[in-house]
Amino acid sequence: MSREYDLKVDPATLAGGASGSSSTSINRRQFLKYGFNTATGVLAASLGVLGFSAILLPPGGGVSGDLGVVFWAKGREDEAWYGAKHEQPMTRTDFVNEAAKSSTGTSGAAGIWNGVPVVVTYVDHAKNKDTPVFNGKARFQFMEGYDETGKRIGHFEDLSDVDPRIFPSDNLVMIFGRCTHLCCIPGWQLVSNSYTDDSWTPGGGDGGGTKLFCICHSSRFDPTALEMNSNRNRSSGATFSYAGIRRAGGPAPVGLPLIPIQLNGDVIEGITDYIDWYTYCD
Ligand code: FES
């Protein structure tokens, strides 16, 4: 029997009088169809028959002139908190307002940037960073990173010292949304389980919630645990180090890369300087 997952429903929808179950079940096959429809739909619309690596070209490379990130809630317009904002520009205010409803001061959403799937996460770091570290007070953690063999490869700040734009911007991080296991698309609280609960535990381990969860084979990633990591291009075998978020558990070998961001007014934009970091699914 296929495994069932409980999709979360926007609390505002429930408060508005929606009836029935507080969740919607899909199985893994349905999710894969949804997930890959999301990616391949964007690819097809953007580039026709060109390969995945082509969409990693920066806007100046001819794909798009727009650095902005848009919400992506296709098929979940009535469920995700950002469903009504599908295909609209992401703003920092959207995340701040949603995080205010969270006991951990966090919020996240799926999006599309430059033709690739992303997850943007807001953490109330500025408020919590100087308070004692204990469960529930989410903040960014800057940590040592390891490769898939467990060998230490460096600290997040080894990279951020060279380019401070890699640090979270205005309490926000953007993460490339292709799993390092088999390239499915992890989500933010897309499903209901202990990994996606509105809870937080320090240390970048597998305890606590507020993880990015990959429904394909249950890999978990902690968007608050920022580290140096390494991966390789599947086609060429070329290896590279990158700033990313920590793999907390599951079959994924390493963490997911960050995409540095900047604010244009209130609108979240991605910076295209680190496209090599996103080539492991090529
Ligand atoms: S593709 Fe993400 S856990 Fe397998």
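Mentor: The account below starts with the protein as a whole and then turns to its strands and core.

This is a predicted model, in which local features need pLDDT of at least 70 and side-chain atom pairs count only at pLDDT 80 or more, whereas totals for chains, interfaces and linings use all residues. Residues are numbered from 1 along each chain as its sequence is written.

The protein has five helices and 15 strands; helices (H or I, at least four residues) and strands (E, at least two) are DSSP runs, numbered from the N terminus. Of its 282 residues, 41% count as buried. A residue is buried if 20 or more other C-beta atoms lie within 10 Å of its own, exposed if 12 or fewer, and partly exposed in between, with C-beta atoms placed from the backbone.

The strand β8 (172-176) belongs to an open sheet of four strands, in the order β3-β4-β5-β8, with antiparallel pairing. Two strands pair if DSSP finds at least two bridges between them. β3 and β8 stand at the edges with a single partner strand each, so one side of each has no neighbour in the sheet. From one strand to the next, the twist averages 40 degrees; axes are lines fitted to C-alpha atoms, for helices over the stretch in contact, and angles run from 0 to 180 degrees between N-to-C directions.

The antiparallel strands β5 and β8 are joined by five bridges. Val 120 stands opposite Met 174 in β8, and Thr 121 has Val 173 in β8 as its bridge partner. Five of the five residues of β8 are buried, so this strand is largely enclosed by the rest of the structure. Leu 172, Met 174 and Phe 176 point one way from β8, while Val 173 and Ile 175 point the other way. In a regular strand the side chains alternate between the two faces of the sheet.

Ile 175 touches Val 118, Val 119, Thr 121, Leu 212, Pro 223, Ile 245, Leu 256 and Leu 258, not counting residues up to four places away in sequence. Contact here requires C-beta atoms, placed from the backbone, to lie within 7 Å. Ile 175 is also among the residues with the most contacts inside the largest nonpolar core, which has 59 residues; Val 118, Val 120, Leu 172 and Met 174 are others in that list. A nonpolar core is a set of buried Ala, Val, Leu, Ile, Met, Phe, Trp, Tyr and Cys residues joined through C-beta atoms within 7 Å. Elements that each supply at least two residues of this core include β5, β8, β10, β11 and β12. β5 gives the most, with six residues.

Of these, β11 has 13 of its 14 residues buried, so it too is largely enclosed by the rest of the structure. Three bridges join β10 to β11 in an antiparallel arrangement, with Leu 212 paired to Phe 221 in β11. The two strands form a hairpin with four residues between them, and Ser 218 in the turn has a positive phi of about 70 degrees. Ten bridges join β11 to β12, also antiparallel; the hairpin of β11 and β12 has six residues between the strands, with Gly 237 in the turn at a positive phi of about 80 degrees. By contrast, β6 (residues 141-146) runs parallel to β11, joined by three bridges.

Asn 171 has a phi near 70 degrees, a positive value in a residue other than glycine, and is buried, with 22 other C-beta atoms within 10 Å.

Definitions and conventions: Two residues are in contact if their C-beta atoms, placed from the backbone, lie within 7 Å.
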